[in-house]
Every structure is written in structure tokens, then in C-alpha cells.
Amino acid sequence: GSLLLAGAVRFDPDRVDELPARSSRGVVVSAVLHADQPAGVYRGVILATGVPDAWLPLEIVVDGTER
């Protein structure tokens, strides 16, 4: 029943310009969590502005051992 705030998730780069057909671009996704974030599995969806058909599932596992 805990939430991971959207502001905790960061993207690098935070913006990707339009790509040529049949190309790809890596993006690093990271999360900055508070020390009191409850352990658990957090699931969500990444949506891209301007690309309504693009979405990616996101799963973050907080195990509570590395704080």
C-alpha cells in the first residue's frame, strides 16, 4: 500500500529528440529514495510526452538492505 512518488524517478537524458526510423536510444532510469521508504515492489508505467502509443512498464524493487 505504499507509493513511490513520481519525482523520485529520474531519466538521463531527460529529453530525447526525434530519432530516425529503425533506430534506438538508451535512457538511464534511476530512483532516489528516502531512507524510510518501505521495502516492496513498486510498479508503474513510463509514458512519453508527444508519443501517445509509447509506454514502458517499470518495476522497482526496494529490499531495504542497502540504506
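**Salt bridges and the rest**

Mentor: Let's start with arginine 43, which is exposed, with a relative accessible area of 66%; exposed means over 50%, buried under 20%, and partly exposed in between (1.4 Å probe, protein chains only). Keep in mind that this is a predicted model, where local features need pLDDT of at least 70, side-chain atom pairs count only at pLDDT 80 or more, and totals for chains, interfaces and linings use all residues. Residues are numbered from 1 along each chain as its sequence is written, and side-chain values use heavy atoms, with hydrogens and water left out.

Trainee: Which side chain does arginine 43 meet in a salt bridge?

Mentor: Glutamate 59, at 3.0 Å from N to O. That pair links distant parts of the chain, 16 residues apart, with arginine 43 in strand β3 and glutamate 59 in strand β4. A salt bridge here is a side-chain nitrogen of Lys or Arg within 4 Å of a carboxyl oxygen of Asp or Glu. Strands are DSSP runs (E, at least two residues), numbered from the N terminus.

Trainee: And is glutamate 59 exposed or partly exposed?

Mentor: Partly exposed, because its relative accessible area is 48%.

Trainee: How many salt bridges does the structure hold?

Mentor: Two. Arginine 15 also forms one with aspartate 17, the closest N and O atoms being 3.3 Å apart. Arginine 15 counts as exposed because its relative accessibility is 64%, and aspartate 17 is exposed at 53%.

Trainee: Back to the strands: how many bridges join β3 to β4?

Mentor: Nine, between residues 40–48 and 51–62, running antiparallel; pairing takes at least two DSSP bridges between the strands. Valine 45 stands opposite proline 57 in β4. The two strands form a hairpin with two residues between them, and glycine 50 in the turn has a positive phi of about 85°.

Trainee: New topic: which residues make up the largest nonpolar core?

Mentor: Leu4, Ala8, Val9, Tyr42, Ile60 and Val62. A core is a set of buried Ala, Val, Leu, Ile, Met, Phe, Trp, Tyr and Cys residues joined through side-chain atoms within 4.5 Å.

Definitions and conventions:
Helix = DSSP H or I, 4+ residues; strand = E, 2+ residues; numbered from the N terminus.
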